[in-house]
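Colleague: I would like to go through some helix packing and a few backbone details. Please give the general idea each time, then the case here.

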Amino acid sequence: MEKSITNWLSDNKVVPEEQVYTPIFFNLYIEKSKDELFELLKNNPTIEVCDEINGQLEELIKLRHPKKKFTPDELNQTIENHLDNTPIDEYGIWIYYPWLNKLIHLLDKEEFIEVRTNRNQYKITPEEEEILADKKIGIIGLSVGKAIALTIALERICGELVIADFDIIELSNLNRIQTGVQNFGVKKTIVVAREIAEIDPFLKVTCMHDGLTEENVTDFFTKNGQLDICIEVCDGLHTKIFARQKAKELGIPVVMNSSDRGTTDIERFDLEPDLPILHGLIDHLDLTLVKEAKTNEEKVPYLLPMLGVETSSERLKASMLEIEDTITTWPQLASGVIFGGGICTDVCRRILLNQFTKSGRYFVDTEEQINDSVKDYISANKVKKEQVNFIPKTNIEDYLEALKEVNEKLFAHNSSSSCDLLNVEVEELVKYAIMAPSGGNVQPWKWLFKNKKLMLFNDVNRSESILNYKNTASLISIGAATENLILKAHQMGYEVELNKFPLGSGNDLIAIFTFYKNASENVEKHIHDNLIEVVPTRLTNRNLGERVPLKEEDEKYFNEVVRSINGAKLKIFKDAIKIEELKEILAEVDKLFMTNKAGHTHFIHEIRWNKKEVEETRDGIDINTIDLTPTERAGLIVSKNWNVTKHIKKWKLGNEFGKLSKKAIDSASALGMITMPKFDADNFFDGGRAIQKLWLASSERGIAFQPMSINTFLFAKVGDGNFDDIEEIKNEMVVQYDKLKQVTGMASNEKDVFFFRLASVKDPKVKALRRYVKDVLMYE
């Protein structure tokens, strides 16, 4: 409890001034407290007043609005609104530190803790902070213990500390204890409690100035609530033993750090009630004699197994030979003591949060990790070859069954009027066909020229994906490639007969093209043949810019182009409110996708993270084609590790995963959707043709086109009632799909096959590569 001056005087009236370690709290909105403060100031005019409350309020406001960049005027106005007519002098709390003779104006407890611990997040989540706030930790011994106590206070992993030590600060302490010469002769408990009060006056500290004794051991462990952890780092052998005996009796875990080699002992008496103290290392000794051990000769039999002499550092072992000859006791260094403070705090936090449950002796030895014989991380990784993961190549052997069936059913009746193309013509056609887009630039096609026919297969090694339910994504890409091929054939003077799914929609043979010099009723119509001119320059444009409205004449043209494919419909969304609604849906789906294990795996594998990957695979999404800030790029690289993303998911965060879509939509002239009448292979194939024609038309008009279809491909599963790989996000995905259908006005006879952004932005500097024709084309 924070002490008012009345309570403070009551508690401290018989305490010498040099032993005071609790500050006094004044609430100016309480009249009595206000009068007491003015009386204190009147009687002690030398008090130094420190009032930086405005700076604390600025921090509070900024931390509560991390996305906003305040102007000075906006910040001042927000602070004024936060104060809500409370005079700033009366806001928060005034705290007087008698030993400093300073009066300091602070935020009140909740806001003070919120600001002070803000940089803990999300290494410690808000939920974990709530758990830790109720914990109570006891520390025995304040040499290493002081570093531990201050680190615990800084990190605020408990709500109360109980500290015990009988000793005072002496000159020889100052090689390892962080304090000043002004504290010579002052109890270590007082020094530690004061420093904690100066860091966080709201953290409760209880002092046992006589150290831990057999008389007060029960109070230490249980008074006003039982300890959750005991940290034992004292010098007394007898104290080490009876403290553990009491901890074991009460089921309280004990943590110890020796400051040599980061040696840390953990004894989980809470989980292992029969665990022998000190891991059984001294079970062979008569513990009743420890209390009588006065000389080093008497102490050594107990001391050596406790410290683990065989695992001590070489310098500590050598130093032991000099005790009571050239030195009085074993040496300790500040680096080891302070390091031990960090180790113990980390271990205790994880024990309190039930993230670590083992007992044992552990080492965190910097000399082992950092020395002339160890290869450093940078050097070790320089010699590592960058691993490039290739998708296995498909060969004609992968399609033997389909080819056998084709030979029997189709090639037996070959048309003599069809053209037998030259290889160079076939390669030119395929070159243009594979300029088509594909989801994640996976390029799921394989071509075979045989008996005057060009066959288009689904590449079986490029079809396994969470976003390719029933080959919907592959069929869209293959449909787009088909449109390119037909346009190119027309430019070359050939008529094209398209035979879709000649062996049925479940077969990997998607289409067969036959070429003629003369038109017939079965060949593809010449509609928008002019679009062939922009096939080589068509690209995905993810660049950002200002929102420029889509012109009516462009929208009219785009509708005409899409309707040229039977059954295809175009929906364009330009209304600002509707765009905002769609933005939230797409961003939420992106977040769900990225925090789903299968979705995360897909994303990580489709990105090409460096130049070597880009150039050697010639597929996937080159990270340089995404308009990223340095921070966003770093975020994507960090999120490659699923364990990192798993934390984000566990904390119910991850809005950053939808940020890229939100930024893209903010600069959109319009959003668009292409629908088809049914959910089947034929409609997705034709949908791909419609998408490609629209994409080429937008390129022709100089309008940037960016697919935003993670949602579409996931909704293909959802709409079909299939939740394989997305069971954990099933309910959220159903909700988002219902929202999408409502916002877009989709009718029951419409199936969304593609979603995209149109924008007026600069052309990207980098274009996605395509695999070479020789890698996708086969002859027989």
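Colleague: Which residues of H20 meet which residues of H27?

Modeller: Contact means heavy atoms within 4.5 Å. In this predicted model, Leu586, Val589, Asp590 and Phe593 of H20 meet Ile710, Asn711, Leu714 and Phe715 of H27. Helices (H or I, at least four residues) and strands (E, at least two) are DSSP runs, numbered from the N terminus.

Being a predicted model, it is read with limits: local features need pLDDT of at least 70, side-chain atom pairs count only at pLDDT 80 or more, and totals for chains, interfaces and linings use all residues. Residues are numbered from 1 along each chain as its sequence is written, and side-chain values use heavy atoms, with hydrogens and water left out.

Colleague: At what angle do H20 and H27 pack?

Modeller: Axes are lines fitted to C-alpha atoms, for helices over the stretch in contact, and angles run from 0 to 180 degrees between N-to-C directions. Angles under 35 degrees count as roughly parallel, over 145 as roughly antiparallel, 65 to 115 as roughly perpendicular and the rest as oblique. H20 (residues 576–594) and H27 (residues 710–719) pack at about 70°, with their axes 9 Å apart. H20 and H27 are therefore roughly perpendicular to each other.

Colleague: Is the crossing of H20 and H27 left-handed or right-handed?

Modeller: A crossing is left-handed if the near helix is turned anticlockwise from the far one by less than a right angle, and right-handed if clockwise. H20 passes H27 in a left-handed crossing.

Colleague: Which residues of H4 are buried, and which are exposed?

Modeller: An α-helix has 3.6 residues a turn, so residues three or four places apart point the same way. Buried means under 20% relative accessible area, exposed over 50%, partly exposed in between (1.4 Å probe, protein chains only). In H4, Leu75, Ile79 and Leu83 are buried. They cover an arc of only 75° around the axis, which puts them on the same side of H4. The arc is that of the directions from the helix axis to the C-beta atoms. On the other side of H4, Asp73, Glu80 and Asn81 are exposed. The buried residues of H4 pack against H3 (53–64).

Colleague: Where does the backbone take a positive phi?

Modeller: Just after H4, Asp84 has a positive phi of about 55°. Asn85, not a glycine, has a positive phi of about 75° and lies in the loop between H4 and E3 (93–97). Asn85 counts as exposed, at 77% relative accessibility.

Gln443 also has a positive phi, near 60°, in the loop between H17 and E12 (445–450). Gln443 counts as buried, at 0% relative accessibility.
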